[in-house]
Amino acid sequence: FKSINWQALARREVEPPFKPKVTLHCYLMMKAPNDCSNFDREFLNEKARLSYSDKNFIDSMDQAAFAGFSFINPKMEHLLEK
C-alpha cells in the first residue's frame with residue numbers, strides 16, 4: 001500500500017489498484033439483489049446470536065467514540081445499569 005497516493009485517491013483523481021473489475025456478466029449471473037448463492041451454506045444456516053461481552057471491558061472503553069448514537073438494543077440495556 002506504500003505506492004498508493006491516498007490524498008489523490010480521496011479526491012477521486014486516481015482509481016485504487018485493488019478495485020475489482022465488475023462486468024455486465026457478473027450482474028447478469030446474479031439471481032436477485034439479495035443473492036447469497038456464493039456464500040457457504042454452513043455459514044448461512046448458523047443461527048444469529050448476541051455475543052457475550054464483559055461489562056468491565058465495556059466500561060473501560062472510551063464512550064466518547066459513540067457520541068451522537070441514540071439506539072440501544074433493548075436486550076442490552078441491563079449493561080448500562082450500575
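Modeller: A nonpolar patch is built from residues with over 30% relative accessible area and no salt bridge, with nonpolar side chains such as Met and Phe joined within 5 Å. In this predicted model, Phe-57, Met-61, Phe-66 and Phe-69 make such a patch, of about 440 Å².

Colleague: What makes Phe-69 buried or exposed?

Modeller: The relative accessibility of Phe-69 is 67%, and exposed means over 50%; therefore Phe-69 counts as exposed. Phe-69 lies in the segment after α4.

Colleague: How many salt bridges does a search of the whole structure find?

Modeller: The search finds two. One joins Arg-11 to Glu-13, and the other joins Asp-59 to Lys-55.

Colleague: Why is the contact of Arg-11 with Glu-13 called a salt bridge?

Modeller: The closest N and O atoms of Arg-11 and Glu-13 are 2.8 Å apart. The rule asks for a side-chain nitrogen of Lys or Arg within 4 Å of a carboxyl oxygen of Asp or Glu, so the contact qualifies. Side chains of opposite charge can pair when their charged atoms come close. Glu-13 has a relative accessible area of 52%, so this residue is exposed.

Colleague: Where do Asp-59 and Lys-55 lie?

Modeller: Both belong to helix α4, residues 55–60, and they are four residues apart, about one turn of the helix.

Colleague: How do you know whether Asp-59 and Lys-55 are buried, partly exposed or exposed?

Modeller: Buried means under 20% and exposed over 50%, with partly exposed in between. Asp-59 has 39%, so it is partly exposed. Lys-55 has 25%, so Lys-55 is partly exposed as well.

Colleague: What is the phi of Arg-12, and where is Arg-12 found?

Modeller: Phi of Arg-12 is near 60°, a positive value in a residue other than glycine. Arg-12 is found in the loop between α1 (6–10) and α2 (24–29). Its relative accessibility is 77%, so Arg-12 counts as exposed.

Colleague: How many aromatic pairs are there?

Modeller: The count comes to two aromatic pairs. In one of them, the rings of Phe-1 and Trp-6 have centres 6.4 Å apart and planes at 35°, so the pair is tilted. In the other, the centres of the Phe-39 and Phe-43 rings are 6.3 Å apart and the planes stand at 25°, so the pair is stacked.

Colleague: Why do the pairs receive these labels?

Modeller: Centres must lie within 6.5 Å, and planes under 30 degrees apart count as stacked, over 60 as edge-to-face and the rest as tilted. The angle of 25° is under 30 degrees, so Phe-39 and Phe-43 are stacked. The angle of 35° falls in the remaining class, so Phe-1 and Trp-6 are tilted.

Colleague: What confidence does the protein have, and where is confidence lowest and highest?

Modeller: The mean pLDDT is 80, and 85% of the residues reach 70 or more. Confidence is lowest in α2, at a mean of 64, and highest in α1, at 89. Where pLDDT is low, the predicted coordinates should not be read in detail.

Definitions and conventions: Residues numbered from 1 in each chain as written. Heavy atoms only, no water. Helix = DSSP H or I, 4+ residues; strand = E, 2+ residues; numbered from the N terminus. Buried < 20%, exposed > 50% of the residue type's maximum accessible area, 1.4 Å probe, protein only. Patch = residues over 30% accessible without salt bridge, like charges linked within 9 Å, V, L, I, M, F, W, Y side chains within 5 Å. Areas by Shrake-Rupley, 256 points an atom, 1.4 Å probe, with all protein chains shown as cover. pLDDT = per-residue confidence, 0-100. Phe/Tyr/Trp six-rings, centres within 6.5 Å; stacked < 30°, edge-to-face > 60°.
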